[in-house]
Amino acid sequence: MKFSEITGVDYTKSTLINSVKNNHIAHAQLFLGKNGSANLALALAYAQYINCTSKLENDSCGTCPSCIKFSKLIHPDLHFIFPTSTTKKVTKSKEAVSQSFMKEWRSFIPDNPFPILSDWAGFFGAENKQCNISKEESRNIIRSLSLKAFEAEYKVMLIWLPEFMHPAAANAILKILEEPPAKTLFFLVSNDADKLLTTILSRTQIIQVPQFSDQEITNILQEEYQVEIEKAKHIAYLTEGNLNHAVKLSDEVKDVSSDFFKQWMRICFKNDFTNMIKFADDFQKMGKEDQKSLFQYSLNIFREALLWKFADPALVRLENDELEFVKNFSKVLNEKNLELMVDKLNQSLFHVERNANPKILFTNLSIFLGKLFRIGA
Ligand SMILES: [Zn+2]
């Protein structure tokens, strides 16, 4: 992967590029970013750039033999460790190590450069099993690092989601980080530094990978996924910097949340039971992702209304129709009902995920919201 294939995150890119230009490549680096950020993509682009034999001014060339092998994830000096589990194919836990799933990994990553663990687990066939980086993996790490680099100047060991490491694997890494072999780079790509050993954290240089901005997500959806602009903006707003989620939503979710929400709130406000039942029927027919997305959207609008009314209107991230709606909507909200409404919506989101009956859930929620509009009014 080239840096130019990753939209945005310019500051982080230039930090990485400068470290190569200034010959300050730390041997152990932690790419820390939330789910759906560019942390893995940046680590891959960085590894490719470091070893590119005809570097461009601010990127790898993408065409030298090293770049081609890096981009296909087949370079002999590029090693991967990632969470796995037993599967129908790999039934012995001793064999459930990264090496057994390299073929799947190589076809998964190019299509999913911003992966989350559940997507990967679904792809390689973990089904609902817990994935982790097993203690067997520690032997593989030591073995692959005991060899000299085959072709590249730097050997790269990329560990995706080290927070899932078995303590034995973590200790093996720790030993190596204490006495790193020459010309070997460790890239740890993590979503959750709190779950890493502090001794590992203290031995790595941390690269904070920011979330994508709303504008970056909007651009990516428009340019790379041909999503029309209003919908792209709407999805960017819903997904708060998680590109993985944004891409999924652009595929799956019809652009229903906004209109549905506005009409639904009017019905609740008027205590219009007939339409509450009708909307509950419509809600039942939506897919589960759409149901979750509607509640997520609702929570976001409540939060914006809260900002508008009680904090700083300048913090509100909406425009046009949605901004108008929030201005008006915030008139019927107050300190007493807002908090209760948000709690109830959060609970409802939780229950949708756990397969509650959608019709009953939605009807109860509508009646409850209807009552709450009366509190303090
Ligand atoms: Zn190259």
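Q: Which residues of α1 are exposed, on the other side of the helix?
A: They are Asp10, Tyr11, Asn18 and Lys21. This is a predicted model.

Q: Which residues of α1 are buried?
A: Thr12, Lys13 and Leu16 are. Buried means that 20 or more other C-beta atoms lie within 10 Å of the residue's own.

Q: What makes the buried residues of α1 line one face of the helix?
A: Look down the axis of α1. Its buried residues fall within an arc of 105 degrees, so they line one face. What covers these residues includes α2 and β5.

Q: Why does the span of helix α1 agree with its number of residues?
A: Helix α1 covers residues 10–21, which are twelve residues. The expected span is 1.5 Å times one less than the number of residues. That gives 16 Å for α1, and its end C-alpha atoms are 16 Å apart, so the two agree.

Q: What is the phi of Asn23, which follows α1?
A: The phi of Asn23 is positive, near 60 degrees.

Q: Why does Leu73 count as partly exposed rather than buried or exposed?
A: Leu73 has 18 C-beta neighbours inside 10 Å. Buried needs 20 or more, and exposed needs 12 or fewer. Leu73, with 18, therefore counts as partly exposed. Leu73 lies in the loop between α3 (65–71) and β2 (78–81). Its phi is near 60 degrees, a positive value in a residue other than glycine.

Q: Is Gln226 buried or exposed, and what makes it so?
A: Gln226 has 9 C-beta neighbours inside 10 Å. The cut-off for exposed is 12 or fewer. Gln226 therefore counts as exposed. Its place is the loop between α9 (214–225) and α10 (229–239). Gln226 has a positive phi, near 50 degrees, in a residue other than glycine.

Q: What makes strand β1 mostly covered?
A: Strand β1 runs over residues 28–32, and four of its five residues are buried.

Q: Which way do β1 and strand β4 run, and how many bridges join them?
A: They run parallel, joined by five bridges. Strand β4 holds residues 184–190. Within this pairing, Gln29 has Phe187 of β4 as its bridge partner.

Q: In what sense do β1 and strand β5 pair?
A: They pair in the parallel sense, over four bridges. Two bridges are enough for DSSP strands to count as paired. Leu32 has Gln208 in β5 as its bridge partner.

Q: What makes β4 mostly covered?
A: Six of the seven residues of β4 are buried. Strand β3 (residues 155–160) also runs parallel to β4, with six bridges between them. In that pairing, Val156 stands opposite Leu185 of β4.

Q: Why does the span of helix α12 agree with its number of residues?
A: Helix α12 has 13 residues, 257–269.

Q: Which residues of α12 are buried?
A: They are Ser257, Trp264, Met265, Ile267 and Cys268. They cover an arc of only 160 degrees around the axis, so they sit on the same side of α12. These residues pack against α13 (273–285), α14 (288–310), α15 (320–329) and α17 (358–374).

Q: Which exposed residues does α12 carry on the face turned away from its buried side?
A: Asp259 and Arg266 are there. After α12 comes Asn271, with a positive phi near 55 degrees.

Q: How many helices and strands does the chain have?
A: There are 17 helices and five strands. Of the 377 residues, 37% count as buried. The C-alpha trace spans about 75 × 50 × 35 Å along its principal axes.

Q: Which domains is the chain divided into?
A: Domain 1 covers 3–210, and domain 2 covers 253–374. Their centres, taken over C-alpha atoms, are separated by 41 Å.

Q: Where in the chain is confidence lowest, and where is it highest?
A: Confidence is lowest in helix α11 (residues 243–252), at a mean of 82. It is highest in helix α2 (residues 39–51), at 97. The chain averages a pLDDT of 90, and 98% of the residues score at least 70.

Methods:
Residues numbered from 1 in each chain as written. Predicted model: local features only at pLDDT ≥ 70, side-chain atom pairs only at ≥ 80, totals over all residues. Helix = DSSP H or I, 4+ residues; strand = E, 2+ residues; numbered from the N terminus. Arc of directions from axis to C-beta. Contact = placed C-beta atoms within 7 Å. Domains from an automatic or database assignment. pLDDT = per-residue confidence, 0-100.
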